[in-house]
Amino acid sequence: MSVGTEPVDADAIVIGAGPNGLVAANLLADAGWSVVVLEAGDEPGGSVRSAELIEPGFLNDVCSAFYPLATEGSPIDDLHLSDHGLRWLHAPTVLAHPALDGSCPVISRDIDVTMASLDALHPGDGASWEALVQRWTDLQPHLSHLLYRPFPPVAAAAGLVRHLPPRDLARLGRFLMLPARRMGEEELGGSASRRLLAGCALHADLTPESTLSGFFGWLMCCLGQTNGFPVPEGGARAVTSALVARLESRGGQVHCAAAVDRVEVHRGRAVGVHLTGAGTVRAGRAVLADVNAPMLYTSLVGAGDLPDAVLGDIERFHWDDATFKVDWTLDGPIPWSSAEARGAGTVHVAEDTDALTVVASELARGLLPARPFLLIGQQSMTDPSRQPAGKETAWAYTHVPRRVRGDGAGVLGRDWSDDDVGGFVARIEAQVEALAPGFQHLIRGRHVLTPERFEAENPNLSSGAINGGTAQLHQQLVFRPVPGLGRAVTPIGGLYLASSSAHPGGGLHGAPGANAARAAIWHDRTRPWRRRGAHP
Ligand SMILES: Cc1cc2nc3c(=O)[nH]c(=O)nc-3n(C[C@H](O)[C@H](O)[C@H](O)COP(=O)(O)OP(=O)(O)OC[C@H]3O[C@@H](n4cnc5c(N)ncnc54)[C@H](O)[C@@H]3O)c2cc1C
């Protein structure tokens, strides 16, 4: 990996060394292309990095931490990164969702444990859960194809038609569209099991009432049940190291501190990129952009090179919510009152589905949630290498409005002043304390990422939006990133969108990068005359 050395011309230039850029670069290198990845930051990884953010000896994941989507069937899994040093670890329990009444449903990779947990809270929910998981297991090959391959999903659709009679196909279509609240009411009897489902749906910027949120919740729950929420030994950065090592073993190069400020376009075709404060690097075959769609279309490519319709559509691009994250170093594991939560790698904090609806309504109105929904990662029992013995590293993030218009609790201001940041951190910590008395006494240090700081650290993370654009139906599938551009191709020849702004969106699975690389390879094979004709 190079910092500061001159990047050389190559068959393909990849802008951005996030996981999608690195997956794309690996596939291009596998096809025999010379590949140069240009990364604005001082190190590769984008939202998949780790660092001693707070104190030496304690490794925190800067953004993402646990990776259910990197498992079986995903493009990143197909790269066999274990051959390049990646080792997945699992917490004793996948996910716990404690509440103040003492109930704590869990997902364990042992389905008998999950079923017993749900049956204890509402008899019969264990069997209902098993049926939901069975439905996923039956359909997983087709649904994985639908998720991870470009649109239109011809092979997935054909597979489903062969697999299911027409009436069942229609039932499946309805099931996949359900809001999480409705899916919970139809499929599960107890409010504790229902909150497991709704909590998983709200990893994305969906509400318990939005179309598709049931699918997201079901997907995350079933992935947790069948594959777990694995974490890499040595932190998130181990995924990035393995991707870089694999790429370099095939001759690819990664250059850091190399920010691209312009895609060079000649006669309607991308022929290279311009680096901030430096020269131009030429791309003989393709440029792949692992940056968000608004950045690509409004900053890196000139308006004169784009159709007016695309410029109009990108103005309507709908971002997902902003993010606020706190990392802690702790003098011991979080002392959850519910013993079930102490062994879980991931913990959700929200009382029930109604509480999640309140949070969603606050976000829709631009209010800081009075009781934010917390996604908490706690790593010590999974990966002791990240902190000294007996200590703990943990993080929590929550969704906040992109433009703050007020506070659901009527206390904090709108501009993330130091007081606002401190007040919001105190709100988050008080919620954990209520479920884990003594937590606050264990805090050794903390590191806070506000929406603004997320973006300052990674220009791709607009206000910390984790999904590269909303996950709601009106910006999914053929509507992602904008209507009519539902694939990796762009209006400019040889330029491909490879980031999570493309189908199917955020999470570590590598699909946008893989789809962009495959599209570039396919076009290069089928239309080489365009490439030759377009060169200056
Ligand atoms: C707080 C947070 C928590 C998350 N938690 C999880 C989780 O637990 N599990 C999970 O699966 N997913 C999680 N995600 C989502 C996941 O990390 C992202 O979906 C994924 O990293 C997107 O990958 P990407 O390659 O598209 O973009 P990024 O990871 O953002 O990478 C883009 C890269 O491009 C670089 N770049 C930007 N502009 C330029 C430029 N002009 N020139 C050169 N380089 C440039 C950036 O510096 C960056 O390195 C989380 C995200 C966040 C923010």
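The second largest cavity is lined by Pro150, Phe151, Gly486, Arg487, Ala488, Ala502, His503, Pro512 and Asn515. Here a cavity is a set of points, on a 1 Å grid over the protein atoms alone, where a 1.4 Å probe fits but cannot get out, and lining residues have an atom within 4 Å of a point. The structure is a predicted model, in which local features need pLDDT of at least 70 and side-chain atom pairs count only at pLDDT 80 or more, while totals for chains, interfaces and linings use all residues. Residues are numbered from 1 along each chain as its sequence is written, and side-chain values use heavy atoms, with hydrogens and water left out.

The volume of the second largest cavity is about 50 Å³, a volume being the space filled by probe spheres set on the grid points, which are joined across faces, edges and corners. Its lining divides into five nonpolar, three polar and one charged residue; Ala, Val, Leu, Ile, Met, Phe, Trp, Tyr, Cys and Pro count as nonpolar, Asp, Glu, Lys and Arg as charged, and the others, Gly among them, as polar. His503, one of the lining residues, is joined to Pro504 by a cis peptide bond with omega near 0°. Pro504 lies in the loop between strand 21 and helix 17 (511–526); helices (H or I, at least four residues) and strands (E, at least two) are DSSP runs, numbered from the N terminus.

In the whole structure, five cavities of 30 Å³ or more were found. The largest cavity holds about 100 Å³ of space. It is lined by 14 residues, of which Ala91, Val94, Phe229, Val231 and Gly345 are the closest to its centre. Strand 7 (93–96) and strand 15 (344–349) are the elements that give two or more residues to this lining, whose residues comprise five nonpolar, eight polar and one charged.

Phe229 also takes part in an aromatic pair with Phe66: the ring centres are 5.5 Å apart and the planes at 5°, so the pair is stacked. Rings of Phe, Tyr and Trp (its six-membered ring) are paired if their centres lie within 6.5 Å, with planes under 30 degrees apart counted as stacked, over 60 as edge-to-face and the rest as tilted. Phe66 lies in the loop between strand 5 (60–61) and strand 6 (88–89), and Phe229 in the loop between helix 8 (213–227) and strand 9 (231–232), so the pair ties together parts that are 163 residues apart in sequence. Both Phe66 and Phe229 are buried, where buried means under 20% relative accessible area, exposed over 50% and partly exposed in between (1.4 Å probe, protein chains only).

The count of aromatic pairs is 13. Trp328 and Phe439 have ring centres 5.1 Å apart and planes at 85°, so this pair is edge-to-face. Since Trp328 belongs to strand 14 (residues 322–330) and Phe439 to helix 15 (residues 439–442), the pair ties together parts that are 111 residues apart in sequence. The relative accessible area is 0% for Trp328, which is buried, and 0% for Phe439, also buried. One aromatic cluster is formed by Trp136, Phe175, Phe215, Phe216 and Trp218.

A pocket is an open set of points with protein on both sides within 12 Å along at least five of seven lines. Among its 23 lining residues, Asp205, His318, Asp321, Leu363 and Ala364 are the closest to the centre. Helix 13 (353–364) and strand 18 (392–400) each give two or more residues to the lining, and helix 13 gives the most, with four. The lining residues are 10 nonpolar, seven polar and six charged.

Most residues other than glycine have a negative phi, and most peptide bonds are trans. A cis peptide bond joins Arg480 and Pro481, with omega about 0°. Phi of Leu477 is positive, near 55°, and the residue is partly exposed, with a relative accessible area of 29%.
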